[in-house]
Amino acid sequence: MSIDVTLPREGIALVAVDGYLDVDTVPELRDHLSDQVGRGRRHLLLDLSAVPFMDSSGLNVILRAYKETRRVGGSVRLISPTPTVQRILDLTGVNLTVAGATSVADALAQVGEVTP
């Protein structure tokens, strides 16, 4: 798995994940997300377009990031999950809690609408 973090705007981190999100790889993502919130980035845009598989530990890290960002008046957006990952999000109801976006531009527009 690889993780690439960019900062498209102040207070926003775009975190692109490439590879499986499972019990072996989730700790690295959890650390990246927590670090971004700790650095004052209240909004996390999580690009899942290159994640072919995600297990329950991946769901857990998404929900933890959601709770962490909500505490500081922020949000998490899931960008373009692959069909397999989207199915998991739908079946578990995570998609009802954590907002989705079809592109980075769409996610940035949604974050622009969020008021702390």
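Trainee: Why is strand β3 called largely enclosed by the rest of the structure?

Mentor: Buried means under 20% relative accessible area, with exposed over 50% and partly exposed in between (1.4 Å probe, protein chains only). In β3, 6 of the 8 residues are buried, so the strand is largely enclosed. This is a predicted model, in which local features need pLDDT of at least 70, side-chain atom pairs count only at pLDDT 80 or more, and totals for chains, interfaces and linings use all residues. Residues are numbered from 1 along each chain as its sequence is written, and side-chain values use heavy atoms, with hydrogens and water left out.

Trainee: What makes β2 and β3 a pair?

Mentor: Strands are DSSP runs (E, at least two residues) and helices likewise (H or I, at least four), numbered from the N terminus. Two strands pair if DSSP finds at least two bridges between them. Strand β2 (residues 12-18) and β3 run parallel and are joined by 6 bridges, with A16 opposite D47. The chain crosses from β2 to β3 through helix α1 (residues 26-38), a right-handed β-α-β crossover. Right-handed means that, with the strands pointing away from the viewer, the path from the first strand over the helix to the second runs clockwise.

Trainee: Which strands does β4 (residues 75-79) join?

Mentor: Parallel to β4 run β3, through 5 bridges, and β5 (residues 99-101), through 3 bridges.
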